[in-house]
Structures are given as C-alpha cells and as structure tokens.
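Okay, everyone, let's get going.

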Amino acid sequence: MTQQTHESGSATTTATTTPATTTTVLTTPATTTGEAGTSTAPTPCAPPFPPLAEPRPLGELRVWPRTFHDRLTAPLPGLKAMARFAREGSVRPGREGLADVRRLPFEPGPLPRVDAGTVSVTWAGHASWVLRIGGLTVLTDPVWSRRILGTPARVTPVGVPWETLPRVDAVVISHNHYDHLDAPTLRRLPRDTPVFVPAGLGRWFRRRRFTTVTELDWWEAAELSGVRFDFVPAHHWSKRTLTDTCHSLWGGWVLTAPDGGRVYFAGDTGYGHWFSRIGRRYPGIDLALMPIGAYDPRWWLSDVHLDPEEAVRATEDLGARRMAPMHWGTFILSAEPVLEPLTRVRAAWEQARREREDLWDLPVGGSRILERSSLRSAVN
C-alpha cells in the first residue's frame with residue numbers, strides 16, 4: 001500500500017437507560033479553546049495541528065480536477081485480482097453464515113427529544129444515521145430504499161420510518177457508491193436542503209435541482225447555524241458508472257457543535273495513517289461512527305473496508321472516547337457471517353481494555369444521547 005499526504009484532565013460519565021434510548025452525561029473538569037470553538041474534551045488536550053481552515057461559503061461553485069486518483073492510498077484491483085476473485089472469491093456468506101439473519105438486532109423506537117445542547121444519534125441502518133447536533137438534524141449517507149443496485153434486499157428494515165423524521169436541516173455524503181448515495185431516498189428531500197458532499201460530487205446534486213450544495217476537499221470546512229462540517233480523508237475510492245472511477249473524492253466528516261461537542265462519521269474506509277492525523281487536527285472527539293462490516297475476503301477488501309479489530313484500533317488512533325459501529329447488519333455485501341462483525345467488535349473492544357459503556361453497539365433503530373456538562377441539571 002502506498003500512502004499519500006494531502007493537507008491543506010479526565011472525564012466522568014453517568015448513564016440512564018430507557019427501553020429505546022440511553023443518555024450519557026459527559027462532564028469535563030476543564031475546557032480548551034481551538035479554532036473550531038470551545039472544546040470540552042478532557043484536559044490536557046493538544047490544540048488542532050495544523051490549525052483548522054476557515055469555513056468556506058455555503059453553496060460555493062468551484063472547479064475541480066477531472067480525477068482524484070492521486071488520493072488513493074492503495075492501487076485499485078487489476079485484472080489479476082479480478083481473475084482471482086472470479087475464481088475463488090465469494091460475495092455472500094454460506095448457509096451457516098446466513099442462519100443468524102433473524103437474530104440481527106432491530107429495535108426501533110421514537111427519536112429522542114433533544115435541544116441545542118444535546119448530541120444524539122439514531123442508527124437507521126448501514127451508514128445512515130439521524131444525528132442531532134447543535135440544534136440541527138443531520139442525515140449521514142441516507143439510504144431508506146429496500147434495495148440498492150447489485151445487492152439483495154436489506155435484511156433488516158429501516159430503523160427510522162421516513163415519516164417520523166423531523167425537518168432535515170442538512171445531509172452529509174461520504175462518497176458516491178450506491179450503498180451510500182441513494183437517489184430514491186434523496187428525491188424525498190426538499191431541494192433547498194443543505195447538502196455537504198465531497199469535491200467533484202456537486203454536479204450530481206445540482207442536476208437533481210438541489211440548490212445549496214457545498215463541495216469540500218479534504219481538511220476543508222463549512223458552517224451551518226453554528227455547526228461546523230469538516231471533510232476529512234478516508235482510505236477508499238469512488239465509482240458510480242463505468243466511466244467515472246475516482247472522478248469525485250471520498251472521505252469522512254467531523255461535525256462540531258457550538259459548545260464543542262464533536263462527532264466523527266467515517267463513511268467507508270480501510271485502516272491507515274489518516275486516523276491519527278484526523279485525531280490530532282480534531283482533538284476531543286466524543287463519538288466515532290465507525291464501519292465494521294463488509295470485510296471478507298480480506299485480500300480483496302482490506303484496503304477499503306475496516307474489519308472490527310481495525311475499527312477499534314482506528315477509534316483509538318482518533319483519540320475518540322466512544323465508538324458506535326455501523327455498516328453491518330443491513331445489506332449483505334461480503335462473505336462474513338452476518339452476526340460476526342458484532343461479536344468481533346465486542347471482543348476487540350474488551351481486549352483493548354475500553355470501558356464497555358463507551359461501545360455504543362446499537363440495534364438498528366436504536367438511539368443514544370450525549371448531553372454536555374452544561375446540561376447536567378436537565379437530567380439529574
């Protein structure tokens with residue numbers, strides 16, 4: 001694998017649980033102020049390095065290179081790899097691996113009631129989250145369709161019925177693969193919904209008449225109602241048709257609330273050097289939404305998809321306090337048994353000696369709430 005560089009105290013938690021939602025209260029003995037606002041990460045906390053970029057204007061029209069092949073951190077599969085995959089690869093689990101489909105966790109509940117000082121996440125399935133932060137409702141890689149191109153129908157229903165969603169204030173897209181960029185779902189949104197997308201993907205949205213489309217390069221940011229949206233690197237690639245390989249960028253998102261609450265959404269990624277760099281630039285990540293599925297066979301998928309153990313290691317590289325697994329238990333995209341990602345990530349988390357309550361292994365439809373220290377009185 002080749003790597004390329006492209007760069008423009010202690011806390012305590014208490015938790016209360018209801019059948020559908022768990023609330024975590026984060027208290028911090030001290031705060032530090034960085035370029036993204038006030039961070040409530042535990043001290044000592046290093047400042048961002050390098051300093052964060054100034055936010056770019058919303059909806060800015062920009063000119064991009066025709067291709068982003070230079071951002072790849074591993075070569076795309078060639079003819080030899082394709083031939084091997086055709087000869088021995090499997091894209092679905094065997095009968096034994098599928099036997100546990102009925103045991104996949106699905107526990108939909110109402111969306112939690114939140115205010116501007118609360119961060120909450122609800123897993124709709126795969127990489128789709130309903131993220132409430134800084135008073136905004138943000139959808140990540142929204143896929144509400146029953147089926148996507150080239151795969152069987154989803155094996156668990158969508159965890160959040162579309163009609164129960166509050167007004168969607170923004171959407172973030174990690175890349176253009178069909179299981180992350182779903183045209184039928186996006187057609188349900190008002191066309192003035194602000195959309196944050198990787199460089200080169202704006203034209204796809206503007207052709208569909210979205211009016212506020214913000215394209216960002218790695219390490220760039222924009223702001224909406226005081227919430228900062230930073231686009232960060234990932235070890236992945238992009239392709240939607242036969243002729244557009246790597247014509248748009250790919251990556252993850254760091255969302256920072258006005259009070260410093262910070263969530264990292266990884267999108268789709270393999271393991272590599274970017275995680276530690278993201279952690280240095282965005283210290284004090286409260287929660288990392290990390291993919292743990294679609295990893296087998298490893299010789300085919302290791303460059304672009306984390307396995308559960310790598311997801312835990314990446315969370316540690318980020319310096320994130322908590323991790324919520326995703327990208328499993330929804331669409332069958334690879335050969336591992338359907339429940340294996342959950343079993344392995346729990347074991348890896350324990351082996352890493354991380355606090356069990358900091359692994360937010362939600363069922364599809366489940367929610368967790370993280371309230372900042374300034375709101376302790378609201379839940380005590």
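Predicted model: local features only at pLDDT ≥ 70, side-chain atom pairs only at ≥ 80, totals over all residues.

**A walk through the model**

Residues are numbered from 1 along each chain as its sequence is written, and side-chain values use heavy atoms, with hydrogens and water left out.

So, how much of the protein is buried? Of its 380 residues, 57% count as buried. By buried I mean under 20% relative accessible area, with exposed being over 50% and partly exposed in between (1.4 Å probe, protein chains only). As for secondary structure, the protein has nine helices and 17 strands. Those are DSSP runs numbered from the N terminus: H or I over at least four residues for helices, E over at least two for strands.

Let's start with helix α5, residues 274-281. Six of its eight residues are buried, so the helix is mostly covered. Which ones are buried? They're Trp-274, Phe-275, Arg-277, Ile-278, Gly-279 and Arg-281. And what do they pack against? The buried residues of α5 pack against strands β12, β13, β14 (262-265) and β15 (287-291), plus helix α7 (308-318).

That α7 partner deserves a moment. Two packed helices are described by the angle between their axes and the distance between the axes. Here, α5 and α7 pack at an angle of about 30°, and their axes are 7 Å apart. The axes are lines fitted to C-alpha atoms, for helices over the stretch in contact, and the angles run from 0 to 180 degrees between N-to-C directions. On the α5 side, the contact is made by Phe-275, Ser-276, Ile-278 and Gly-279, and on the α7 side by Ala-314, Asp-317 and Leu-318. Contact, by the way, means heavy atoms within 4.5 Å. The residues of this contact divide into four nonpolar, two polar and one charged.

Next, strand β12, which is where you'll find Arg-228. Buried or exposed? Arg-228 is buried, at a relative accessible area of 3%. What does its side chain reach?

Moving along, Gly-251 sits in the loop between β12 (227-232) and β13 (252-256). Gly-251 is buried too, with a relative accessible area of 2%. In sequence, Gly-251 and Ser-174 are 77 residues apart, yet in space they're 5.3 Å apart, C-alpha to C-alpha. Leaving aside neighbours within four places in sequence, Gly-251 has contacts that include Ser-174, Trp-218, Phe-231 and Ala-266.

Now for some backbone geometry. Most residues other than glycine have a negative phi, and most peptide bonds are trans. Where are the cis bonds I want to show you? One joins Phe-49 and Pro-50, with omega about -10°, and Pro-50 is in the loop between β4 (37-39) and α1 (79-88). Another joins Asp-296 and Pro-297, with omega about 10°, and Pro-297 is in the loop between β15 and α6 (298-301).

As for positive phi, Trp-219 has a value near 70°. Trp-219 is in the loop between β10 (213-216) and β11 (220-224), and at 1% relative accessibility it counts as buried. Ser-225 has phi near 50°, also positive. Ser-225 lies in the loop between β11 and β12, but this serine is exposed, with a relative accessible area of 57%.

Definitions and conventions: Nonpolar A, V, L, I, M, F, W, Y, C, P; charged D, E, K, R; others polar.
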